[in-house]
Amino acid sequence: MASNSTTRFSDRVEDYVKYRPHYPEIILSYLRDMYTFGPGWVVADIGSGTGISTELFLRFGNNVFGVEPNREMRLKAEELLSGYPGFVSVDGTAEVTELAGSSIDLIVAGQAFHWFDPVGTRKEFVRIARPGAVVALIWNERLILSEFERDYEALILEYAGDYKTINHKNITDAQIGDFFQPKSFLLRSFENEQRFDFDGLKGRLLSSSYIPKEGPRFAGMMSALKDLYNRHAVDGRVRVGYETKLYTGLLH
């Protein structure tokens, strides 16, 4: 995984749990229709974080290995998902998952693939995959369509240190195609959204690793966010829209 990707979310855990978007359940029916996916499949969620994507599959009835190198996020997932007997927490990375060879039916990366080293990750995915295993790469891509969404993006660009560098949108379809070679991949998109009061919008902003949580510009950023909210809120809420992108394919 990228050099500091295993630690950069350590101080964002609570905001991440409360304010990051979840994934639409239609993903499950899509996987069922396209790949005969079912509750009996064993799932590995790579870069599972606090368990947002992991829980989607646990609720469906799958046994899920949550592979997460960040200690704080992994411990939070263990706390939140302790009620699911099918959950196994693993201290590992995309390149060294610590999972048994030929043991996984579905390999998932939710909001995480852009942190991985593609060469080492592909080699490891091939190692842990059973014959016919499916890989599903999922992103909630924040939209920049409404006036509020455009102003929110402008605020992030003004205050975020390395947003342009680590933005998952830097991953292209061509790069994903290279990952699945010589097989092809499918891309399906779904609508998703969040609606926030001001505290929720603040938490959503601070859940991103590239946003400062302190320092000389923090007060100015919070003032700008409050102004943004006041200008756009309707009935005390603002809407953050997403396009949930699901890339799926086989490795061998």
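The legends below describe close-up views of a predicted model.

**View 1. The largest nonpolar core and the elements that build it.** This core has 27 residues, and among its members I27, F37, F57 and L106 are the ones that touch the most other members. Six elements each supply at least two residues of the core, namely the helices α1 (13-19), α2 (26-35), α3 (52-60) and α4 (71-80) together with the strands β4 (104-110) and β5 (129-142). Of the contributors, α2 gives the most, with five residues. In soluble globular proteins, nonpolar side chains tend to be buried together.

**View 2. The surroundings of L106, a member of the largest nonpolar core.** When neighbours within four places in sequence are left aside, L106 is in contact with L31, F37, W41, V42, V43, A44, F57, V134 and A136. Two of these partners, F37 and F57, are listed with L106 itself as residues that touch the most other members of the core.

**View 3. The buried and exposed sides of helix α4.** Within α4, the residues M73, R74, K76 and A77 are buried. These four lie on the same side of the helix because they cover an arc of only 160° around its axis. On the face of α4 turned away from this buried side are the exposed residues R71 and E79. The buried residues of α4 are covered by elements that include helix α1 and strand β3 (87-90).

**View 4. The second largest cavity and its lining.** By type, the lining residues of the second largest cavity divide into five nonpolar and one polar, with no charged residue.

**View 5. The buried lysine K245 in strand β7.** K245 is found in strand β7, which covers residues 238-250. Is this lysine, K245, buried or exposed? K245 has a relative accessible area of 18%, and because buried means under 20%, K245 counts as buried. Not counting residues up to four places away in sequence, K245 touches L137, I138, W139, E141, L187, R188 and S189.

Conventions
Residues are numbered from 1 along each chain as its sequence is written. This is a predicted model: local features need pLDDT of at least 70, side-chain atom pairs count only at pLDDT 80 or more; totals for chains, interfaces and linings use all residues. Side-chain values use heavy atoms; hydrogens and water are left out. A nonpolar core is a set of buried Ala, Val, Leu, Ile, Met, Phe, Trp, Tyr and Cys residues joined through side-chain atoms within 4.5 Å. Buried means under 20% relative accessible area, exposed over 50%, partly exposed in between (1.4 Å probe, protein chains only). Contact means heavy atoms within 4.5 Å. On a 1 Å grid over the protein atoms alone, a cavity is a set of points where a 1.4 Å probe fits but cannot get out, and a pocket is an open set with protein on both sides within 12 Å along at least five of seven lines; lining residues have an atom within 4 Å of a point. Ala, Val, Leu, Ile, Met, Phe, Trp, Tyr, Cys and Pro count as nonpolar, Asp, Glu, Lys and Arg as charged, and the others, Gly among them, as polar. The arc is that of the directions from the helix axis to the C-beta atoms.
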